[in-house]
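Here is a short report on the salt bridges of one protein model. Keep the structure in view while reading.

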Amino acid sequence: MNQIHIRQYQESDFNRIQELNREEGWNNLVEKNEDTRQAWENSSVSYVVDAEGDGVVGYIRGFTDTCITLYICELLIDKKYRGLGIGQELLQYVHRLYPKTRIEMLASSSSHRFYEGQGYRPFYGFRKTFEE
């Protein structure tokens, strides 16, 4: 595996992030390009994973109040780099930054096993957009 490094998001990372979103089929984020860009600019938790020779291969984006809740909006690792512990490392990295918080996030049907394997437990929630 190439050497990896977790670092703070920079505006120059955005196009690569959108490539990862496109490859994953996260079309809502891709189609709402400017909204997604603003989301990154306004997020208190915004980190990318650089892999030596390959550039950005993953990211994590979210919000925190620093004391109670750390909410993860998105966590995505390039398919070529999955299964190497990078997602787990990203979650641990941001949780170490805010150790008093609990992590909350949504998971897809394909990712819930990953989170359960990391010791996360499911919880019940609701979602509604303004247009609904």
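## Salt bridges in the model

R82 and E24 join their side chains in a salt bridge, 2.4 Å from N to O. R82 sits in the loop between β4 (69-77) and α4 (86-97), while E24 belongs to helix α1, so this pair ties together parts that are 58 residues apart in sequence. R82 is partly exposed, because its relative accessibility is 37%. E24 is also partly exposed, with a value of 26%.

The model is predicted. Searching the whole structure gives 9 salt bridges. Three of them are listed here.

| Pair | N to O distance |
|---|---|
| R82 and E24 | 2.4 Å |
| R61 and E74 | 2.8 Å |
| R16 and E19 | 3.2 Å |

Next comes the pair between strands. R61 and E74 meet through their side chains in a salt bridge. R61 lies in strand β3 (residues 55-64) and E74 in strand β4, so the pair links distant parts of the chain, 13 residues apart. Are these two residues buried or exposed? Both R61 and E74 are buried.

R16 and E19 both belong to helix α1 (residues 14-24). They are 3 residues apart, about one turn of the helix. R16 is buried, because its relative accessible area of 18% is under 20%. E19, at 37% relative accessibility, is partly exposed.

R61 and E74 form a salt bridge of their own. Elsewhere, salt bridges with shared partners join R16, E19, E23 and D78 into one network.

Definitions and conventions
Residues numbered from 1 in each chain as written. Predicted model: local features only at pLDDT ≥ 70, side-chain atom pairs only at ≥ 80, totals over all residues. Heavy atoms only, no water. Salt bridge = Lys/Arg side-chain N within 4 Å of Asp/Glu carboxyl O. Helix = DSSP H or I, 4+ residues; strand = E, 2+ residues; numbered from the N terminus. Buried < 20%, exposed > 50% of the residue type's maximum accessible area, 1.4 Å probe, protein only.
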